[in-house]
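Please keep the sequence and the structure in view while reading.

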Amino acid sequence: MFLLTPVLVAVVCILTVWIFKNADGATKRREEEPRARAEARPWVDEDLKDSTDVLQVEEDADEWQESEEEVEHVPFSHTRYPEKEMVRRSQEFYELLNKRRSVRFISNERVPMEVIDNVIKAAGTAPSGAHTEPWTFVVVKDPDMKHRIREIIEEEEEINYLKRMGPRWVTDLKKLRTNWIKEYLDTAPVLILIFKQVHGFAANGKKKIHYYNEISVSIACGILLAALQNAGLVTVTTTPLNCGPRLRVLLDRPANEKLLMLLPVGYPSKEATVPDLPRKPLDQIMVTV
């Protein structure tokens with residue numbers, strides 16, 4: 001009969017404890033990995049993620065409306081310019097947009113609402129996944145509402161700068177002289193808040209898929225920036241991190257809308273300055289194959 005000596009018993013106990021401890025540690029590491037990845041980028045705003053989830057739609061098919069629309073196709077009307085005219089127009093358009101700058105010093109001078117209407121109509125011409133047009137442009141002119149928006153953003157931005165963004169990001173922004181104080185949210189005559197609709201609703205109340213809603217609305221924002229520059233107005237692109245839910249409630253927007261961008265719009269103030277930043281030359285941004 002095999003007998004365990006005291007020494008052997010001690011060795012077996014130590015090995016058993018070591019095995020269980022390592023197994024428990026591995027389990028904890030697996031559980032903590034997703035949390036660690038999230039904490040590695042604590043500044044990521046859930047509202048900024050594209051939420052097109054076709055698999056989820058297929059699982060909850062009864063809640064979603066299938067598209068059965070018949071769309072007529074018509075001849076395409078196109079204006080073709082002579083080559084010299086094309087070159088001239090493209091050069092002039094480039095020169096116009098090359099003057100665009102992010103301006104944080106905005107005058108309180110009134111802006112014609114017809115201009116705001118037109119630039120938003122221009123933004124609404126953007127392409128979108130399956131022509132779902134998943135955007136809502138909220139125009140804020142009321143001084144009290146603008147100030148409430150500023151209070152929410154500055155409260156969250158202070159936390160962003162001091163905790164969420166991290167020292168590297170804050171250091172990279174020093175040359176731009178930015179901080180969590182956003183005076184332009186009060187002074188700009190117009191604020192445009194751009195919301196992406198993560199899904200829509202059919203007439204029968206069922207949800208409609210909005211494919212590529214993030215990309216579609218981002219393209220619309222680009223067109224809006226070009227339209228503002230063309231109209232002689234200035235803005236600065238802001239993506240207020242972690243402010244989306246509170247601003248959505250403040251502006252009484254539905255739960256299917258997520259804030260993507262906020263643009264304070266107006267004329268530059270007389271004392272406006274911008275950082276003297278060069279843009280990359282063509283050979284650094286274009287590859288021809």
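Helices (H or I, at least four residues) and strands (E, at least two) are DSSP runs, numbered from the N terminus. This is a predicted model, in which local features need pLDDT of at least 70, side-chain atom pairs count only at pLDDT 80 or more, and totals for chains, interfaces and linings use all residues. Residues are numbered from 1 along each chain as its sequence is written, and side-chain values use heavy atoms, with hydrogens and water left out.

The protein chain holds ten helices and five strands. Of its 289 residues, 32% count as buried, where buried means under 20% relative accessible area, exposed over 50%, and partly exposed in between (1.4 Å probe, protein chains only). Contact means heavy atoms within 4.5 Å. Among contacts between residues at least 6 apart in sequence, 83% join residues at least 24 apart.

The interior comes next. A nonpolar core is a set of buried Ala, Val, Leu, Ile, Met, Phe, Trp, Tyr and Cys residues joined through side-chain atoms within 4.5 Å. The largest such core has 23 residues, and those with the most contacts inside it are Ile116, Phe137, Ile192, Ile194, Leu224, Leu263 and Val265. At least two residues of this core come from each of α4 (113–123), β1 (135–140), β2 (190–197), α8 (213–231) and β5 (257–265). The most is given by α8, with seven residues. Apart from this core lies another, of 22 residues, among them Met145, Ile149, Phe195 and Cys243. Leaving aside neighbours within four places in sequence, Val265 has contacts that include Ile106, Ile116, Ile192, Leu228 and Val234.

Helix α8 deserves a separate look. The expected span of a helix is 1.5 Å times one less than its number of residues; for the 19 residues of α8 this gives 27 Å, and the end C-alpha atoms are 27 Å apart, which agrees. Its buried residues include Asn213, Val217, Leu224, Leu225 and Leu228. Among the elements that cover the buried residues of α8 are α3 (83–98), α4, β1, β2 and β5.

Which backbone angles stand out around this helix? Most residues other than glycine have a negative phi. Tyr212, in the loop between β4 (207–209) and α8, has a positive phi of about 50° although it is not a glycine. At 54% relative accessibility, Tyr212 counts as exposed. Just after α8, Gly232 takes a positive phi of about 85°. In the loop between α8 and α9 (244–250) lies Asn242, whose phi is near 65°, a positive value in a residue other than glycine. Asn242 counts as partly exposed, at 25% relative accessibility.

On a 1 Å grid over the protein atoms alone, a cavity is a set of points where a 1.4 Å probe fits but cannot get out, and a pocket is an open set with protein on both sides within 12 Å along at least five of seven lines; lining residues have an atom within 4 Å of a point. Grid points are joined across faces, edges and corners, and a volume is the space filled by probe spheres set on the points. The largest pocket has a volume of about 720 Å³. Its lining has 28 residues, of which Arg104, Leu173, Leu176, Val236 and Thr237 lie nearest its centre. The largest cavity has a volume of about 60 Å³, and its lining includes Arg100, Leu225, Leu228 and Thr237.
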